[in-house]
Amino acid sequence: MIEELSRDVLGPLVGAVAYSVVGIALMVLGYLVTDWLTSGKLGEQIWTERNKNAAILLASNVIGVGLIVVGAIWASEGGVLRGVVSTFVYGVIGLGAMAIAFLILDWLTPGKLGETLTEDELHPAVFVNAAMHLALGGVIAMALS
């Protein structure tokens, strides 16, 4: 009975907590990377200034990271510890890919993308960047399966 309880309840519970911690850590890291790539303080822009561009950009980053975490969990084998470590590693790779893609897009387009995406007026470039974040999250998630 105790062995069954441990296998059926405690194992999945430990996994859920461990993957949640890694997912939250990656999303915080994604927030910091997005804050670094854009001008000004991202938190102030979103919560105080109610900047839609900054909110769309950050939301797409969070969803992209979420896709990677889901893909990594789906593909994980060999126990919770190995799965959590691989999820973190793939999440960091995904964030790096998103940052590099952001910098390449910045290089290819006129102006400074980090400043453009934090302007007060809604800018079409934020949708391009958001799509890039989501696409990269999906590509990395599928590469894991």
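Leaving aside neighbours within four places in sequence, which residues is Asn129 in contact with? In this predicted model, the residues in question are Leu57, Phe102, Leu105, Leu113 and Leu117. Asn129 is found in helix 6. With a relative accessibility of 0%, Asn129 counts as buried, because the cut-off for burial is under 20% relative accessible area.

The protein chain holds six helices and zero strands. Read from the N terminus on, its elements follow the order α-α-α-α-α-α. The C-alpha trace spans about 65 × 30 × 20 Å along its principal axes. The chain has 145 residues, of which 39% count as buried. Among contacts with a separation of 6 or more, 74% are accounted for by residues 24 or more positions apart.

The accessible surface of the protein chain amounts to about 8500 Å². Carbon and sulfur atoms contribute 71% of this surface. As to charge, the chain carries 6 positive and 12 negative charges.

In soluble globular proteins, nonpolar side chains tend to be buried together. In the present model, the largest nonpolar core has 23 residues. The residues with the most contacts inside this core are Leu26, Val65, Phe102, Leu113 and Leu117. Two or more residues of the core are given by each of helix 1 (2-37), helix 3 (52-75), helix 4 (80-108) and helix 6 (124-144). Helix 4 provides the largest share, with seven residues.

Not counting residues up to four places away in sequence, Val65 touches Leu26, Met27, Leu95 and Met98. Leu26 is, like Val65, among the core residues with the most contacts inside the core.

Arg50 is not a glycine, yet has a positive phi of about 55°. The residue is placed in the loop between helix 2 (42-48) and helix 3. Is Arg50 buried or exposed? The relative accessible area of Arg50 is 66%, so this residue counts as exposed, the cut-off being over 50%. Asn129, by comparison, is buried at 0% relative accessibility.

Notes. Residues are numbered from 1 along each chain as its sequence is written. This is a predicted model: local features need pLDDT of at least 70, side-chain atom pairs count only at pLDDT 80 or more; totals for chains, interfaces and linings use all residues. Side-chain values use heavy atoms; hydrogens and water are left out. Helices (H or I, at least four residues) and strands (E, at least two) are DSSP runs, numbered from the N terminus. Buried means under 20% relative accessible area, exposed over 50%, partly exposed in between (1.4 Å probe, protein chains only). Contact means heavy atoms within 4.5 Å. Accessible areas come from the Shrake-Rupley method with a 1.4 Å probe; for residues, only the protein chains shown count as cover. Lys and Arg count as positive and Asp and Glu as negative; His and the chain ends are not counted. The place of a charge is taken as NZ of Lys, CZ of Arg, CG of Asp or CD of Glu. A nonpolar core is a set of buried Ala, Val, Leu, Ile, Met, Phe, Trp, Tyr and Cys residues joined through side-chain atoms within 4.5 Å.
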